[in-house]
Amino acid sequence: MLDGDLDAEIRRPPHQIHGAQGDEQRDGPPRARAQFLHYGLQTTCGCWTATIGVIAIQGLLWSGDYGNIDRPINAKWSENVSRVLPIATVTAALGEWASGTGPLYRRLADGLEAAVDHGRIPIGAGLPPERHLATALSVSRSTVVAAFDALKRAGRLEARQGSGTWVRGHARPPDEGNLELVEELEGHAILRDLSGRPTQTVEFTAAAVDCAPEVTTAIVGLSGDEVSMWSRGHGYSPQGYEGLRDVIAQRLTGMGLETNTAQVLITSGATQAVLLTARLYLEPGAPAVLETPSYAGAIDVLHAEGARLLSVDMDSSGARTDQLAELMTRSLPRMVYLVPDFHNPSGVVLSQRRREEVARLAADYHVPVVEDIVQRELWLDEPPPPPIATFDPDAPVLTVGSMSKVFWGGLRLGWIRGSETTIARLARLKAVDDFGTPAIAQLVSAKLLPQIDTTAAWRRTELRRRFEVLEDAVARHLPEWTCPRPAGGLSAWAKLPSPCADELVRRAESHGVAVVPGSTFAVDHNRHTDRLRLPFVAPPHVIEEGIRRLARAWAEIDGRDTVMPPQSVVV
Ligand SMILES: Cc1ncc(COP(=O)(O)O)c(C=O)c1O
């Protein structure tokens with residue numbers, strides 16, 4: 001056996017010890033003791049010597065009786081370990097943890113993580129109390145607390161009520177993936193059927209428009225010359241084609257937000273824009289602020305990125321900036337996400353005064369604010385004030401737009417506008433994500449955007465008509481509900497007389513209507529339980545039938561049964 005193999009053997013789980021080749025690095029605390037034993041025993045026959053050494057050292061490191069299993073851990077070799085380790089074992093396993101650079105707590109966290117990775121601290125083991133470990137390591141208790149916290153955020157340690165801190169095992173077999181997250185996302189999904197197939201259910205779920213006729217015309221009208229001009233080169237363009245970025249920069253400049261081409265990044269929908277900003281600014285556990293209610297897609301993205309979500313309330317002028325100011329000082333958020341233009345789901349517009357305040361707060365605290373203006377063109381009565389970014393050109397405000405709300409979500413085309421430096425950083429992240437948005441969607445969008453005002457005017461006329469159908473149907477079939485007229489957007493934020501929206505949604509399913517409860521848009525999930533988001537995007541006869549079906553579900557809850565029988569409907 002080669003020198004060094006013994007070190008490797010020591011760190012290997014017992015079931016792998018015999019006959020395995022050691023390839024791990026030779027570092028860590030057992031090394032001195034390992035070498036001592038190694039040299040002492042080496043003189044006789046190689047393999048057996050090493051094995052004896054390993055057994056001796058495992059005994060030294062894992063002293064204590066681990067036969068008592070507190071909970072099942074799906075990590076085979078450590079199944080029998082569920083007791084608190086002696087301090088000496090942990091300090092020995094840590095070895096030279098303090099050498100190196102960076103904050104002390106980080107070095108300790110790294111040392112603990114390496115000790116677990118190399119098997120010197122077994123999965124499932126309990127760690128000594130922070131105070132005792134701090135004394136043994138000659139550091140302050142806060143250093144140990146910070147190290148434990150960092151590892152808890154990273155999912156390597158867990159606190160158990162009343163019994164200290166434990167090294168986490170696998171909660172389930174790794175090949176199942178992060179089911180917890182997937183189940184959570186499914187639990188309050190807006191897009192329930194991910195195939196996008198039409199169904200016989202009346203879908204009051206996604207607030208998304210049908211394809212504008214101009215999109216078909218633009219696709220069908222593409223000339224061979226246009227396609228070949230755009231298809232030059234390898235086709236990967238993480239920042240996006242210059243021609244399209246140029247059109248977007250001109251449009252933003254026209255809104256009073258002076259923008260050059262290098263300040264625009266093309267994304268695969270606004271959804272990817274929010275995702276990339278979250279990746280740039282947030283690490284797991286970092287605080288991010290949203291309005292409550294907020295756009296459920298953004299809640300999901302930030303949650304999936306591991307952010308700690310904080311919320312500010314809304315009133316008729318939009319997000320409460322007094323609460324935002326308080327959070328800036330109290331909770332040191334790393335990012336703020338707001339929907340200032342015809343907020344989804346409430347339809348409210350952020351007032352000009354509050355826009356000025358948000359820009360000032362972003363600049364004062366250097367906290368990036370992502371303003372999602374995808375519904376900006378969809379006013380029912382009057383256009384919104386200028387984007388937040390216009391109120392302070394130096395504030396770290398990122399403006400996110402999309403083709404989805406005026407033209408069609410199927411284009412999957414959005415953009416982010418920010419400083420050139422930030423856009424370059426985001427483009428680097430975008431390259432990792434998908435190497436660029438499909439060129440054909442970019443080409444079609446570059447053709448469509450110059451005519452957005454005409455298409456948006458047509459959309460607004462349609463939406464006004466459809467909201468009136470919804471308003472009228474709710475007034476006739478559900479007179480105890482209120483359905484306030486939104487300032488714009490694609491949905492009404494209906495209010496029920498009691499907080500039973502979740503129950504209503506469950507019952508509605510069996511009446512052939514799918515609807516999303518207010519709690520789906522809550523940043524903390526116990527809120528908005530007396531609200532339903534009712535999109536007014538479907539054709540009028542579908543809206544009418546959907547409300548009839550909802551009224552039947554409501555009658556079950558409300559104890560009445562006086563509504564009209566169902567009619568057939570094609571959705
Ligand atoms: C506020 C808001 N932002 C973003 C999106 C998603 O936009 P995209 O289709 O461009 O990803 C939506 C869609 O409902 C939305 O309402």
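Predicted model: local features only at pLDDT ≥ 70, side-chain atom pairs only at ≥ 80, totals over all residues.
User: Which residues line the second largest cavity?

Analyst: Leu112, Glu113, Val116, Ile121, Leu127, Leu151, Arg156, Leu157 and Val167. Glu113 and Arg156 are the charged ones.

User: Which helix gives the largest share of that lining?

Analyst: Helix H5, residues 104-117, with three residues.

User: What is the volume of that cavity?

Analyst: About 50 Å³.

User: And how many cavities of 30 Å³ or more are there?

Analyst: The structure holds three. The largest cavity has about 90 Å³ of space.

User: Which elements each supply at least two residues of the lining of the largest cavity?

Analyst: Helix H11 (242-254) and strand S12 (397-402). Arg251, Leu252, Gly401 and Ser402 are among the lining residues.

User: How does the lining of the largest cavity divide into nonpolar, polar and charged?

Analyst: Six nonpolar, two polar and three charged. Trp415 and Glu377 are among the residues there.

User: New topic. What is the order of strands in the open sheet of three?

Analyst: The order is S1-S3-S2, with antiparallel pairing.

User: Why is one side of S1 and of S2 left without a neighbour?

Analyst: Strand S1 (126-127) and strand S2 (157-160) stand at the edges. Each has a single partner strand, so one side stays without a neighbour in the sheet.

User: How many bridges pair S2 and S3?

Analyst: Four, in the antiparallel sense, with S3 covering residues 164-167.

User: Which residue in S3 is the bridge partner of Glu158?

Analyst: Trp166.

Key: Residues numbered from 1 in each chain as written. Heavy atoms only, no water. 1 Å grid on protein atoms, 1.4 Å probe; cavity = no way out; pocket = protein on both sides within 12 Å on 5 of 7 lines; lining within 4 Å. Points joined across faces, edges and corners; volume = space filled by probe spheres on them. Pairing = 2+ DSSP bridges.
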